[in-house]
Amino acid sequence: MTLKLNIKDKFNKALPADSILENYRRQVERACFSFVTPKIPSHPSLIHVSPEMLHNLGLTKEDSETKAFLNIVTGAKVLPNTKPYAMCYAGHQFGNWAGQLGDGRAINLAEIEHDNKHWALQLKGAGETPYSRSADGLAVLRSSVREYLCSEAMYHLGVPTTRALSLALSGDQVLRDVMYNGNAAYEKGAIVARVAPSFLRFGSYEIFAARQDHKTLKTLVNFTIKNHFPHLGTPSKATYIAFFAEVAQRTLEMIVHWQRVGFVHGVMNTDNMSVLGLTIDFGPYGWLEGFDLGWTPNTTDREHRRYRYGNQPNIGLWNLYQLANALYPLIEATEPLEAILEQYKTDFDIESLKMMRSKLGLQIESPSDKLLLQDLEDLLQLTETDMTIFFRNLSRFKSEKPSEGFAVIEKAFYTLDDLSDSIIEQWNNWFQRYAKRLQDESFSDKERKAAMNAVNPKYVLRNYMAQLAIDDATKGDYGVIEELFNLLKKPYDEQPELEKWFAKRPEWARNKVGCSMLSCSS
Ligand code: AMP
Ligand code: MG
C-alpha cells in the first residue's frame, strides 16, 4: 500500500537542477538542488509521531502505523512519482564566509498540499548528499530527540518554527566525537522527518550572489516570492525590496519570541536562518535557566559567545546585512536596503519593550517602563535566578502587597545563600516600584495574572529534561519522550500532575554534557 498524500512538488520542478545525478561530494554550480536518494536504513523503527503534524498532512493515526509510513519517514522507500533532492546553499558561519554548504544530511522528499497549506517534507539524517563535505550525512539519536521535541514545543509556545512529523531509529550505528576531544564512540543513528512550508535559508541566496550567478539568483527570488510571498505581487525591484523588508520583519518577530521564552539558538549562521522567519536547525540550542544575557549553550562558541542570548537581536541584524548584500544585484540600490536595516534596529527596541511589558503584565505604556525593565534585568543577573520560574510566579504578585513580592518569586533563586541583605533590599525596592507602576493599569490582579500566564510559559524544554529523555531513549525506553511531548503541547497551562517539570535545573545537570554543554557534533 502507499500513503495517500497530495503531492504538489514545485521546488524541484520549477528551479534549475544539478545536471549530475551521481551522489559524490562536489561544488554544484548554477543549480538550486541536486537529486539524491535517501540511504536505505538497516533496521528502521519508529519512536514517535506527532499527531498534529500527521493531521496537517492529511494522514491518520492508522496511516502512521503502516509499513508504508515507516518506509517513507526513514528513507527506506521513495514516494511514488517523487524525486527527492538536497538543497544547495552557502553561508556565513560564526561571522566568516564559508562558501558552499548545502543539505549535507537533509533530503527533501516531496511537497504536500493539504487544507490549503503547503508543506515540504524533509528527512534529516538519511544519508550523504553532494553537500556532505567531510561528514557522513547521518544524525544520532540524541540530537534527533532534541530537534523532534523542541521544534514541536516551539510551535505550541507560539514561536514561528519548522515542525517535526516523526522520530525514528535507522538501526545503524553512527560514530561521533561529542566534545571534539578525541573520544569518538558509536551512537544510535536516527532520522527526523521535519516539515515546513519551505526550508529556504539566507544562504540559499548568498550562494548565487557570491558566485555572481545573478540569473539563478533572480530565478530563485522570483520563485520564493511567487510561492511564499504571493501578496507582494509580480517581481520587480520594488517587490524585491518589499521581500527583504518582510524577511527582516519576520526575523525580528521570531527573535523577539526567542527572547520572550528564553530560547538560545546556538548557531545563528546564515545557513540556519529561514527566509520565512522560522526557527530552523535545532542543534546546540538551549533554554535559559538562570537569566543571563551572556549565556550560550554552544561550547564551540564558548570563547567569543557570538550567539549568546543577549546578542541574538544583533546577530539577526548582522545576518540580514548578509541577505541584503545577496539581494543587492537584483535591486542595485543601497538606500532602500539600508533603510530597512535601520528600521529593524528601531523596531526591535519597540517590539522588545512591548514584549517585556507583556511579561510584566503591563497593558499601557509609560515612559518609566524602560528603566523598570532595565533594572529588573540587572537584578535578575545579580544571582542565578531561574527565568521561567521567575516570570511565571511573578503573575501571583499582589499589587496591594509589594512587601510580599520577594516571597512570590523566591523559588526562582538557585541558592538563597548568595542573597545578601543588599540584594534583598534591591528586590524589595523594585517590587515597590512595580506595585506603584501597576496602579496606572486598569487590570485587576486576576486579569493581569491571566494575561501574564499567556506569555510566560510554565513549561519549557529545559536542557536537562531533553537529556533525561535522551538517556532513557538510548536504553530503548521512550516514556519520557512521550511525557515531554504531551507536556509541551500546553506550555502555558497549569498541569498539576506534571508539576515536577516546573522546577529549577537539578545540580547534577549544571555542568553535564548535553545539559549545559552542547557542541555542534550531532
Ligand atoms: P549546521 O551547523 O548543523 O547547520 O551544519 C552546517 C553544514 O554542515 C550544513 O551544510 C549541514 O548540512 C552540514 N552537516 C552537518 N552535519 C552533517 C553530517 N553529519 N553529515 C553531512 N553534513 C553535515
Ligand atoms: Mg544547518
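**Entry 1. Charge and model**

I began with the charges: the chain carries 60 positive and 64 negative side chains, and the centres of the two sets are 4 Å apart. I counted Lys and Arg as positive and Asp and Glu as negative, leaving out His and the chain ends. I placed each charge at NZ of Lys, CZ of Arg, CG of Asp or CD of Glu.

I note that the model is predicted, that local features need pLDDT of at least 70 and side-chain atom pairs pLDDT 80 or more, while totals for chains, interfaces and linings use all residues. Residues are numbered from 1 along each chain as its sequence is written, chains are lettered from A and ligands numbered from 1 in the order in which they are written, and side-chain values use heavy atoms, without hydrogens and water.

**Entry 2. Overall form**

I found 17 helices and eleven strands in the chain. The radius of gyration is 24 Å, close to the 24 Å of the globule rule for 522 residues, so the chain is as compact as a globular protein of that length. I took this radius over C-alpha atoms, and the rule is 2.2 Å times the number of residues to the power 0.38. Helices (H or I, at least four residues) and strands (E, at least two) are DSSP runs, numbered from the N terminus.

Along the principal axes, the C-alpha atoms fill a box of roughly 70 × 55 × 45 Å. I looked up the accessible surface of the chain, which comes to about 21,300 Å², with 51% belonging to carbon and sulfur atoms. The areas come from the Shrake-Rupley method with a 1.4 Å probe, and for residues only the protein chains shown count as cover.

Of the 522 residues, 58% count as buried. I use buried for under 20% relative accessible area, exposed for over 50% and partly exposed for in between (1.4 Å probe, protein chains only). Among contacts with a separation of 6 or more, 72% join residues 24 or more positions apart; a contact means heavy atoms within 4.5 Å.

**Entry 3. The magnesium ion**

Which residues coordinate the magnesium ion (ligand 2)? I found N272, through OD1, and D281, through OD, at 1.9 to 2.2 Å. Both N272 and D281 are buried. Donors here are N, O and S atoms within 2.8 Å of the metal (3.2 Å for Na, K and Ca); water is not among the atoms, so sites may look incomplete.

**Entry 4. Loops between strands**

I next examined the loop between β6 (106–114) and β7 (117–124), where D115 is placed. D115 counts as exposed, at 60% relative accessibility. Its C-alpha atom is separated by 8.3 Å from that of L57, 58 residues apart along the chain. N116 is also in the loop between β6 and β7, and N116 is exposed with a relative accessible area of 82%. Phi of N116 is positive, near 60 degrees.

I then turned to F94, in the loop between β4 (90–93) and β5 (96–100). Phi of F94 is positive as well, near 50 degrees. Is F94 buried or partly exposed? F94 counts as partly exposed, with 28% relative accessibility. For reference, most residues other than glycine have a negative phi.

**Entry 5. Helix α4**

I checked how far α4 (residues 67–74) is covered, and seven of its eight residues are buried. These are A68, F69, L70, N71, I72, V73 and T74. G75 follows α4 and has a positive phi, near 85 degrees.

I looked up A435 in helix α14 (residues 421–438). A435 counts as buried at 4% relative accessibility. Beyond its neighbours within four places in sequence, A435 is in contact with F397, S399 and P402. The C-alpha atoms of A435 and P130, 305 residues apart along the chain, are separated by 60 Å.

M465 lies in helix α16 (residues 463–474) and counts as buried at 0% relative accessibility. What does M465 contact, leaving aside neighbours within four places in sequence? I found V460, L484, L487 and W501. I also noted 8.3 Å between the C-alpha atoms of M465 and C515, which are 50 residues apart along the chain.

Lastly I examined S521, in the segment after α17 (479–487). S521 counts as buried at 6% relative accessibility. Not counting residues up to four places away in sequence, S521 touches R142, R176, D177, V178 and Y180.
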